[in-house]
Amino acid sequence: MLEIITSPISFFILLSLFFVGAVGSLLIRKDDDSANIWSNFFAIAGSLWGLLFSVTTIISERTVAFVVGGSPFPLLSLSFNIDLLSAFFIFIISLIALFCSIYAIGYVRHYYKKYHIGALGFFYNFFILGILLLLTASNGIFFLIGWEIMSVASFFAVIYDRKNQENVQAGFLYLVMTYIGTAFIVAAFLLLYKFTGSFDFETIKSDIALIPVGVKNIIFLSALIGFGVKAGIIPLHIWLPAAHPAAPSHISALMSGVMIKTGIFMMIRLFLDVLQPIPTWWGITVLIIGIVSSLLGVLYALTEHDIKRLLAYHSIENIGIILLGLGSALIFSSLSMPELALLSLVAALFHTLNHAIFKSLLFLGAGSVINQMHTRNMEEYGGLIKYMPQTAFFFLIGSMAISALPPFNGFFSEWLTFQSLFQGIAILDSSMRWLFILAVGALAFTGGLALACFVKAFGSIFLARPRSTEVTHAKESPSSMLFGMGALATLSFLFGIFSSQVTFLLEKIGQSFTIFQNMPATLLAENNQGLMVKNGFASVSGLAFTIFFAGVIMVVIFIIRSVVNKRQKIKIGATWDCGVDLTPRMEITSTGFASSIVLIFKGILKPSIQHEIEYHDSESRYLPKERTVVLGVSDVYQTYFYQPLHTLVNLLSLHTKKIQSGNINAYISYIFITLLIVLFITL
Amino acid sequence: MTIFIWTIQCIFIPVVSPLCVGIIKKIKARLQNREGASIFQPYKDLWKLLHKDEVISRDASWIFHSAPFIVFAVTIVVGASIPLFGSFFNNTLTGDMLIIVYALSIGTFFLALAGMDTGSAFGGFGSSREMNLVALAEGGLIFSLLTAALISGTTNLSAISGSLFGQSQHFLSALLAFSGFFIVLLAETARFPYDNPDTHLELTMIHEAMILEYSGKKLALLEWASANKLLIFFALGANLFFPFGLAQNAYAGAIIIGIAIFMVKIFIFCLVIALIESGMAKLRFFRLPDLLFISFVLNVVALGLIR
């Protein structure tokens, strides 16, 4: 039975389900309803198959490697290698895609008659198909094919709502950044090919000693930039807050939850497996990027009042947290401390999984709200908890999970990340120790700021009185959307409670790496009650905490309600209004909520205020007719990194233009000179 | 015996915490040349509030209704998980420093949401300020506990309080970490110079602004919870950084001595807080981050000094 599920045939069934879903929905694109059902039905079926396939692979530890037929091109071979790491990421994509597809059945309806639903289904299924291909490809060129399918499909999803000019611009930015990233990836693969003579990851791994140190470092940097663009590390993140809000919400959820993790996947694969052994500074670089991304990501999130951009910045923050785990894993592995490296890797993998769950939950929640409100501006929400109670509850759980509040899953992966960093402080020396202290500081501040940010988000979306009339027309989402969110919220709770069982499996995945083989003992103790690190350095139990907490709440409610006070009355009154009528304009806004934090960090965020006053009489300037105040945050990367880069490229192109005289004789002489040079070099 | 101690742990914080508030108020009154209310006045206040009717805003949602119970329950759970009078209580399930810090954040999270829930301007700004301070205080708090954790080689709070004995070579680190911790203590428990616990009407109020809409038993629970939180921070400060007198085993004599010494330590903390509140003015809101940053730096130096 197990052989059948983990066989290559089974994997092809998985791929073909998504393929049929994609092509079929394009064929029946005329009929919105059946295209919607068709595409999502096959996506659900494929995701379920993917879950079965990946879980079986992980539990039975059966890795599958196979090559499909002969390839017409000598360098491209359609070779797959499904090891435990691939299976783990297949698990994540299947899990998230399952609930996003269920959600999509209800969500996509509001696009009926406006756009082709069939096209959306086509790109949606191909997007997942692309991710599955790149996760399992073991040949560089084949990998790039999967990578491109994913990128192009998601590009079309970003510009799907094309009547909004902003979305098209966001899509273009995304495309440009993606291809810059791909260029670096191609450069890394070509360098690997030059020295090992193969695009095949296994061959590269066995011939890794042939690569000179300097070239290896260049490969590292290219791969870091290339995959970093996709992961959204700062300062390569600028496409992320633009593109994620533009896509339909169930695709935003997949992009934020899964697609950006493919960058992390390849970093783990290359740096911890293929390119081993590695110098220490690689890990240091990754750790520093993690520190910067996590802190700046959450700070920029605080300044946002666009709900989806806020969530997109939180993705950058969480990628930073994952990189804190991965960076320390790289440092520990280069200092030959495999036990600690494994602990950090487990923390990074666990946070990857957890972030996928709660971030897609939050994006789906945001999608439901936007669907009712027709705007992404949080300042126009308010009081939605009374109109969309279930959505509010699921969003609350997502907020608690992402703010790392126990007993939800975000806490336990951050706990593991903290513990692996603590181990670094306890064991390492001098400068490296300070780096880890800095990392703990970043993680601690990130936790606090994320908490503030989600109080702001939840408070201004769901609490207080409605700030626009649109809110009072809001209705609870259809059941398929609620089911998708509810299931993710439940998972977020369950993965917290059963964190020790999950980390046990993650540890098994980590141990399948070559560098972690032949390791005497691992640091994570096997403990059914909860997580435990190294002979009682630290331990925590989600289950015990939950039971204790729930028990205390019940006892308190029981005592207060029935023992202490039986006859008390509750009167419903108005909020204290200081004697004037309260209007929604007197409530705190999301901008107002974060303004003091923005002011405290004004050195980094550089807030800007623009006043514009229009006068009745522009001569005398006494009676203002209209005042406009625009609050904003100046984008530091735009001004100090991308703008100069842009000017430089422009300048270079202007100079290059000079050789384009338009005179055909000149062009022929260029060809002649080139020919001479080439001849000279070859002879 | 274990069940007996467990029960003491659970009820100790809520039973003793109003007394702390009473003592602080009494000392402050004496310093202002007033007679002051009895130190048991907070118990009477709570009892009175618990029997009053409630007025609740019609804009309030279930968040507003459930927040007091959650906030109060959090302080009980945390209070039962930290070392109070003995270090023998080896709580490996919920006694980790990080789960304590983040569990306290659950209370802050719901309190801040409740402040925003009724749509009053006071509540919203109170929440904003509270989250601002908490966000910045979290770094200092985790770092001060981490210093103690690294000195004793474990992040379990009971184990830390049991092993800081005889670590005289780390005296300076522990002292610096305690200074950092104390700054965070003042911020987290809404005392001077961060917040004024006595008034509802000052423009810079934080904690009192969030609970402005509450009345009756829910107000009682929130007041009680904030007293609990004060005592929890006293207990962390007293038992992690000055762990003498803690009961080392579960004998009745040791426990009684442990409780007596703990009460003395609490009294000293109350005295210090009362002196600070009598002798110092509240700081301007935008000066507070500087103070929290000092706490963070002190703790980083303390960490650097270990070994």
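This is a predicted model: local features need pLDDT of at least 70, side-chain atom pairs count only at pLDDT 80 or more; totals for chains, interfaces and linings use all residues.
## Ground rules

Local features here need pLDDT of at least 70 and side-chain atom pairs count only at pLDDT 80 or more, while totals for chains, interfaces and linings use all residues. Residues are numbered from 1 along each chain as its sequence is written, with chains lettered from A and ligands numbered from 1 in the order in which they are written.

## Where A meets B

Let's start with the interface. On the A side, 67 residues are in contact with 66 residues of chain B (contact means that C-beta atoms, placed from the backbone, lie within 7 Å). The elements of chain A that put two or more residues into this face are helices H16 (409-427), H17 (430-462), H21 (542-564) and H22 (590-600), plus strands E4 (538-540) and E5 (570-573). Helices (H or I, at least four residues) and strands (E, at least two) are DSSP runs, numbered from the N terminus. H17(A) gives the most, with 13 residues. Sorted by class, chain A's face has 46 nonpolar, 16 polar and five charged residues. For that tally, Ala, Val, Leu, Ile, Met, Phe, Trp, Tyr, Cys and Pro count as nonpolar, Asp, Glu, Lys and Arg as charged, and the others, Gly among them, as polar.

E5(A) runs parallel to strand E1 (residues 54-57) of chain B, and four bridges join them (a pair needs at least two DSSP bridges). In this pairing, A:Gly573 stands opposite B:Ser57.

## A closer look at H17(A)

H17(A) has 33 residues and reaches 48 Å from its first C-alpha to its last, close to the 48 Å expected at 1.5 Å a residue; the expected span is 1.5 Å times one less than the number of residues. It's mostly covered, with 26 of its 33 residues buried. Buried means 20 or more other C-beta atoms within 10 Å of a residue's own, exposed means 12 or fewer, and partly exposed is in between, with C-beta atoms placed from the backbone.

## Domains and core

Chain A is divided into domain 1 (1-197 + 237-258), domain 2 (356-561) and domain 3 (639-682), with bounds that come from an automatic or database domain assignment. The C-alpha centres of domains 2 and 3 of chain A are 53 Å apart.

The largest nonpolar core holds 345 residues, and A:Ile96 and B:Leu113 touch the most other members. (A nonpolar core is a set of buried Ala, Val, Leu, Ile, Met, Phe, Trp, Tyr and Cys residues joined through C-beta atoms within 7 Å.) Helix H14 (residues 338-373) of chain A gives the most to this core, with 21 residues. Leaving out residues up to four places away in sequence, B:Leu113 touches A:Val455, A:Phe458, A:Gly459, A:Leu463, B:Ile63 and B:Ala67.

Most residues other than glycine have a negative phi, and most peptide bonds are trans. A:Ala464, in the loop between H17 and helix H18 (469-472) of chain A, has a positive phi of about 65° and counts as buried, with 29 C-beta neighbours inside 10 Å. A:Glu61 has phi near 50°, but is partly exposed, with 14 other C-beta atoms within 10 Å.

As for cis peptides, one links A:Gln276 to A:Pro277, with omega near -5°. Another joins B:Phe192 and B:Pro193, where omega is about -5°.

Key
Two residues are in contact if their C-beta atoms, placed from the backbone, lie within 7 Å.
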